Amino acid sequence: MMKFHPYGDSAVLINFEQKIDPEINAKVIAIADTLENSEIKGLVSYIPAYCSITIIYNPLVTVYDEICEQVEELVAKSRDGKVPDPRTLNIPVCYEGDCSLDLEEVRKQTGLSPKSIIEIHTSITFQVYMLGFLPGFVYMGSLPESLSCARKPKPRLRVPPRSVGLAGLQTGIYPSEAPGGWQIIGKTPLNIFDGKNENPFLFKAGDQVKFHAISTKAHLKFELKVESGSFNIEEIYGQ
(Lines give C-alpha, C1' and ligand atoms only; values in the text may rest on other atoms or scores of the structure.)
Protein backbone atom coordinates (compact mmCIF):
# COMPACT_ATOMS: atom_id res chain seq x y z
CA MET A 1 0.00 0.00 0.00
CA MET A 2 1.29 3.45 -0.92
CA LYS A 3 1.56 6.08 1.79
CA PHE A 4 2.07 9.73 0.83
CA HIS A 5 4.03 12.11 3.07
CA PRO A 6 5.14 15.74 2.66
CA TYR A 7 8.92 15.91 2.25
CA GLY A 8 9.96 19.49 2.83
CA ASP A 9 8.09 22.23 0.98
CA SER A 10 8.53 20.91 -2.55
CA ALA A 11 8.56 17.11 -2.47
CA VAL A 12 6.36 14.09 -1.83
CA LEU A 13 7.67 10.90 -0.27
CA ILE A 14 5.74 7.75 -1.25
CA ASN A 15 6.49 4.86 1.08
CA PHE A 16 5.74 1.16 0.75
CA GLU A 17 6.45 -1.48 3.38
CA GLN A 18 9.95 -0.68 4.65
CA LYS A 19 12.00 -3.69 3.66
CA ILE A 20 14.25 -4.83 0.82
CA ASP A 21 11.99 -6.89 -1.40
CA PRO A 22 12.02 -7.30 -5.20
CA GLU A 23 8.21 -7.12 -5.47
CA ILE A 24 8.07 -3.86 -3.52
CA ASN A 25 10.93 -2.44 -5.54
CA ALA A 26 9.10 -3.44 -8.74
CA LYS A 27 6.18 -1.22 -7.63
CA VAL A 28 8.58 1.67 -7.07
CA ILE A 29 10.11 1.17 -10.51
CA ALA A 30 6.64 0.96 -12.11
CA ILE A 31 5.79 4.38 -10.63
CA ALA A 32 9.10 5.77 -11.89
CA ASP A 33 8.39 4.41 -15.40
CA THR A 34 4.92 5.97 -15.29
CA LEU A 35 6.30 9.34 -14.19
CA GLU A 36 8.94 9.23 -16.95
CA ASN A 37 6.22 9.35 -19.60
CA SER A 38 3.75 11.57 -17.74
CA GLU A 39 2.86 15.22 -18.13
CA ILE A 40 2.21 15.98 -14.47
CA LYS A 41 1.97 19.70 -13.92
CA GLY A 42 4.90 20.99 -11.91
CA LEU A 43 6.87 17.72 -11.83
CA VAL A 44 10.61 18.44 -11.56
CA SER A 45 12.18 15.04 -10.92
CA TYR A 46 11.83 11.80 -8.98
CA ILE A 47 14.18 9.54 -7.04
CA PRO A 48 13.33 5.82 -6.76
CA ALA A 49 14.81 3.90 -3.81
CA TYR A 50 14.44 0.40 -2.34
CA CYS A 51 10.90 0.78 -1.04
CA SER A 52 10.04 4.43 -1.63
CA ILE A 53 10.08 7.12 -4.26
CA THR A 54 10.59 10.84 -3.75
CA ILE A 55 8.81 13.17 -6.16
CA ILE A 56 10.11 16.73 -6.41
CA TYR A 57 7.77 19.42 -7.71
CA ASN A 58 7.80 23.16 -8.38
CA PRO A 59 5.77 24.81 -5.58
CA LEU A 60 5.21 27.84 -7.81
CA VAL A 61 3.31 25.63 -10.26
CA THR A 62 1.50 23.09 -8.09
CA VAL A 63 0.91 22.13 -4.45
CA TYR A 64 1.27 18.98 -2.37
CA ASP A 65 -2.38 17.84 -2.56
CA GLU A 66 -2.52 18.34 -6.33
CA ILE A 67 0.68 16.40 -7.00
CA CYS A 68 -0.53 13.51 -4.80
CA GLU A 69 -3.87 13.39 -6.62
CA GLN A 70 -2.20 13.38 -10.05
CA VAL A 71 0.21 10.60 -9.05
CA GLU A 72 -2.60 8.47 -7.60
CA GLU A 73 -4.61 8.85 -10.81
CA LEU A 74 -1.63 7.90 -12.96
CA VAL A 75 -0.80 4.86 -10.85
CA ALA A 76 -4.42 3.68 -10.93
CA LYS A 77 -4.50 3.96 -14.74
CA SER A 78 -1.18 2.18 -15.16
CA ARG A 79 -1.90 -0.86 -12.99
CA ASP A 80 -3.20 -2.83 -15.95
CA GLY A 81 -0.36 -1.68 -18.17
CA LYS A 82 2.65 -3.81 -18.99
CA VAL A 83 5.86 -2.96 -17.13
CA PRO A 84 8.81 -2.95 -19.56
CA ASP A 85 11.07 -6.00 -19.36
CA PRO A 86 14.24 -5.20 -17.41
CA ARG A 87 17.60 -4.92 -19.13
CA THR A 88 20.26 -7.53 -18.40
CA LEU A 89 23.82 -6.25 -18.06
CA ASN A 90 26.82 -8.59 -18.11
CA ILE A 91 29.58 -6.89 -16.12
CA PRO A 92 33.24 -8.03 -16.21
CA VAL A 93 35.02 -7.97 -12.84
CA CYS A 94 38.62 -8.69 -11.91
CA TYR A 95 38.78 -10.40 -8.51
CA GLU A 96 42.58 -10.65 -8.48
CA GLY A 97 45.51 -8.75 -6.92
CA ASP A 98 45.04 -5.04 -6.19
CA CYS A 99 41.49 -5.19 -7.52
CA SER A 100 40.37 -7.33 -4.57
CA LEU A 101 41.47 -5.25 -1.59
CA ASP A 102 39.25 -7.01 0.96
CA LEU A 103 38.89 -10.53 -0.40
CA GLU A 104 40.91 -11.87 2.53
CA GLU A 105 38.72 -10.00 5.03
CA VAL A 106 35.58 -11.41 3.39
CA ARG A 107 37.16 -14.87 3.60
CA LYS A 108 37.67 -14.40 7.34
CA GLN A 109 34.14 -13.14 7.93
CA THR A 110 32.36 -15.77 5.85
CA GLY A 111 34.65 -18.79 6.23
CA LEU A 112 34.49 -19.25 2.46
CA SER A 113 37.51 -19.69 0.21
CA PRO A 114 38.28 -16.87 -2.27
CA LYS A 115 37.31 -19.24 -5.07
CA SER A 116 33.91 -19.90 -3.45
CA ILE A 117 33.32 -16.18 -2.85
CA ILE A 118 33.92 -15.44 -6.52
CA GLU A 119 31.83 -18.40 -7.68
CA ILE A 120 28.87 -17.30 -5.55
CA HIS A 121 29.16 -13.65 -6.58
CA THR A 122 29.24 -14.55 -10.29
CA SER A 123 26.42 -17.09 -10.02
CA ILE A 124 23.73 -14.62 -8.92
CA THR A 125 21.51 -12.47 -11.09
CA PHE A 126 21.32 -9.24 -9.10
CA GLN A 127 18.59 -6.63 -9.23
CA VAL A 128 19.49 -2.95 -9.23
CA TYR A 129 17.37 -1.49 -6.45
CA MET A 130 18.55 2.10 -6.54
CA LEU A 131 21.31 4.59 -7.33
CA GLY A 132 22.60 6.93 -4.66
CA PHE A 133 25.31 8.00 -2.20
CA LEU A 134 27.47 9.10 -5.17
CA PRO A 135 26.30 9.90 -8.72
CA GLY A 136 25.88 6.45 -10.25
CA PHE A 137 26.67 4.36 -7.15
CA VAL A 138 24.58 1.25 -7.69
CA TYR A 139 22.92 -0.78 -4.91
CA MET A 140 22.16 -4.39 -5.88
CA GLY A 141 20.75 -7.41 -4.08
CA SER A 142 20.50 -9.80 -2.74
CA LEU A 143 23.45 -11.86 -1.59
CA PRO A 144 22.88 -15.20 0.14
CA GLU A 145 23.43 -15.24 3.91
CA SER A 146 26.60 -17.26 3.35
CA LEU A 147 28.23 -14.22 1.70
CA SER A 148 26.90 -11.59 4.08
CA CYS A 149 29.65 -9.48 5.65
CA ALA A 150 29.87 -6.34 7.76
CA ARG A 151 31.13 -3.00 6.52
CA LYS A 152 34.62 -1.97 7.53
CA PRO A 153 34.71 -0.55 11.11
CA LYS A 154 36.88 2.30 9.81
CA PRO A 155 35.98 3.35 6.25
CA ARG A 156 38.72 3.91 3.70
CA LEU A 157 39.40 7.52 2.83
CA ARG A 158 39.84 6.55 -0.82
CA VAL A 159 38.09 3.65 -2.49
CA PRO A 160 39.34 3.28 -6.09
CA PRO A 161 36.82 4.07 -8.83
CA ARG A 162 34.86 1.12 -10.31
CA SER A 163 35.49 -1.01 -7.19
CA VAL A 164 32.93 -3.76 -6.53
CA GLY A 165 32.05 -4.14 -2.87
CA LEU A 166 29.92 -6.09 -0.41
CA ALA A 167 27.96 -4.82 2.59
CA GLY A 168 25.42 -6.94 4.42
CA LEU A 169 23.34 -8.66 1.75
CA GLN A 170 24.11 -6.02 -0.87
CA THR A 171 26.71 -5.61 -3.57
CA GLY A 172 27.58 -2.27 -5.12
CA ILE A 173 30.01 -0.46 -7.40
CA TYR A 174 31.81 2.80 -6.65
CA PRO A 175 31.57 5.00 -9.77
CA SER A 176 34.40 7.29 -8.67
CA GLU A 177 37.07 7.57 -5.99
CA ALA A 178 35.42 8.25 -2.65
CA PRO A 179 35.52 7.40 1.05
CA GLY A 180 33.66 4.18 1.80
CA GLY A 181 33.35 1.21 4.08
CA TRP A 182 32.19 -1.58 1.79
CA GLN A 183 34.38 -4.69 1.54
CA ILE A 184 36.07 -4.50 -1.87
CA ILE A 185 36.30 -7.86 -3.66
CA GLY A 186 36.87 -6.77 -7.26
CA LYS A 187 36.96 -4.06 -9.86
CA THR A 188 35.24 -3.57 -13.21
CA PRO A 189 36.94 -1.81 -16.15
CA LEU A 190 33.66 -0.19 -17.18
CA ASN A 191 32.77 3.44 -16.52
CA ILE A 192 29.80 3.48 -14.14
CA PHE A 193 29.23 7.23 -14.41
CA ASP A 194 30.33 9.61 -17.16
CA GLY A 195 29.09 13.17 -16.82
CA LYS A 196 29.99 13.91 -20.44
CA ASN A 197 27.34 11.55 -21.78
CA GLU A 198 23.73 12.56 -22.40
CA ASN A 199 22.76 9.64 -20.16
CA PRO A 200 25.67 9.54 -17.69
CA PHE A 201 24.59 6.42 -15.78
CA LEU A 202 25.48 2.87 -16.83
CA PHE A 203 22.76 1.37 -14.62
CA LYS A 204 19.18 2.23 -13.78
CA ALA A 205 16.80 0.91 -11.14
CA GLY A 206 15.22 -2.37 -12.22
CA ASP A 207 18.19 -3.61 -14.25
CA GLN A 208 19.29 -7.23 -13.89
CA VAL A 209 23.05 -7.71 -13.49
CA LYS A 210 25.35 -10.69 -13.94
CA PHE A 211 29.05 -10.50 -13.08
CA HIS A 212 31.72 -12.60 -14.78
CA ALA A 213 35.31 -12.97 -13.67
CA ILE A 214 38.22 -11.76 -15.80
CA SER A 215 41.97 -11.94 -15.19
CA THR A 216 44.22 -9.02 -14.30
CA LYS A 217 45.64 -9.09 -17.83
CA ALA A 218 42.17 -9.06 -19.38
CA HIS A 219 41.13 -6.25 -17.05
CA LEU A 220 44.03 -4.05 -18.22
CA LYS A 221 43.22 -4.72 -21.88
CA PHE A 222 39.55 -3.97 -21.21
CA GLU A 223 40.45 -0.69 -19.48
CA LEU A 224 42.53 0.42 -22.46
CA LYS A 225 39.63 -0.24 -24.83
CA VAL A 226 37.23 1.69 -22.59
CA GLU A 227 39.61 4.64 -22.17
CA SER A 228 40.37 4.80 -25.91
CA GLY A 229 36.68 4.74 -26.80
CA SER A 230 37.03 1.56 -28.85
CA PHE A 231 34.81 -0.55 -26.58
CA ASN A 232 31.23 -0.99 -27.79
CA ILE A 233 29.05 -0.72 -24.68
CA GLU A 234 26.28 -2.67 -26.42
CA GLU A 235 28.39 -5.79 -25.83
CA ILE A 236 27.38 -5.90 -22.16
CA TYR A 237 23.62 -6.04 -22.79
CA GLY A 238 21.97 -9.46 -22.79
CA GLN A 239 18.57 -10.53 -23.99
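This note goes through strand pairing, salt bridges and a charged surface patch in a predicted model.

1. Strand β10 covers residues 170–173. Gln-170 and Gly-172 point one way from the strand, while Thr-171 and Ile-173 point the other way. All four are buried.

2. Which strands pair with β10? Strand β7, residues 138–141, runs antiparallel to β10 and is joined to it by 4 bridges. In this pairing, Val-138 has Ile-173 of β10 as its bridge partner. Strand β9, residues 163–167, also pairs with β10 in the antiparallel sense, over 4 bridges. Here Leu-166 has Thr-171 of β10 as its bridge partner.

3. The strands β9 and β10 form a hairpin, with 2 residues between them. One point to look at in the turn is Gly-168, which has a positive phi of about 60 degrees.

4. How many salt bridges are there? The count comes to 9. One of them joins the side chains of Asp-102 and Lys-152, at 3.0 Å from N to O. Asp-102 lies in the loop between β5 (88–94) and α3 (103–110), and Lys-152 in the loop between β7 and β8 (156–159), so this pair ties together parts that are 50 residues apart in sequence.

5. Asp-102 also meets Arg-156 in a salt bridge, at 2.8 Å from N to O. Arg-156 is in strand β8 and Asp-102 in the loop between β5 and α3, so the pair ties together parts that are 54 residues apart in sequence. Is Asp-102 buried or exposed? Its relative accessibility is 3%, and Asp-102 therefore counts as buried, the limit being under 20%.

6. Another salt bridge is formed by the side chains of Arg-158 and Glu-177, at 3.9 Å from N to O. Since Arg-158 lies in strand β8 and Glu-177 in the loop between β10 and β11 (178–180), the pair ties together parts that are 19 residues apart in sequence. Arg-158 is exposed, with a relative accessible area of 63%. Glu-177 is partly exposed, with 48%.

7. Asp-65, Glu-69, Glu-72 and Glu-73 form a negative surface patch. Glu-72 is in helix α2, which spans residues 64–78, and Glu-69 is in helix α2 as well. A residue needs over 30% relative accessible area to be part of a patch. Glu-72 has 44% and is partly exposed; Glu-69 has 48% and is also partly exposed.

8. From C-alpha to C-alpha, Glu-69 and Gly-206 are 25 Å apart in space, and they are 137 residues apart in sequence.

Note on methods
Residues are numbered from 1 along each chain as its sequence is written. This is a predicted model: local features need pLDDT of at least 70, side-chain atom pairs count only at pLDDT 80 or more; totals for chains, interfaces and linings use all residues. Side-chain values use heavy atoms; hydrogens and water are left out. Patches are made of residues with over 30% relative accessible area and no salt bridge: like charges are joined within 9 Å, nonpolar side chains (Val, Leu, Ile, Met, Phe, Trp, Tyr) within 5 Å. Accessible areas come from the Shrake-Rupley method with a 1.4 Å probe; for residues, only the protein chains shown count as cover. A salt bridge is a side-chain nitrogen of Lys or Arg within 4 Å of a carboxyl oxygen of Asp or Glu. Lys and Arg count as positive and Asp and Glu as negative; His and the chain ends are not counted. The place of a charge is taken as NZ of Lys, CZ of Arg, CG of Asp or CD of Glu. Buried means under 20% relative accessible area, exposed over 50%, partly exposed in between (1.4 Å probe, protein chains only). Two strands pair if DSSP finds at least two bridges between them.
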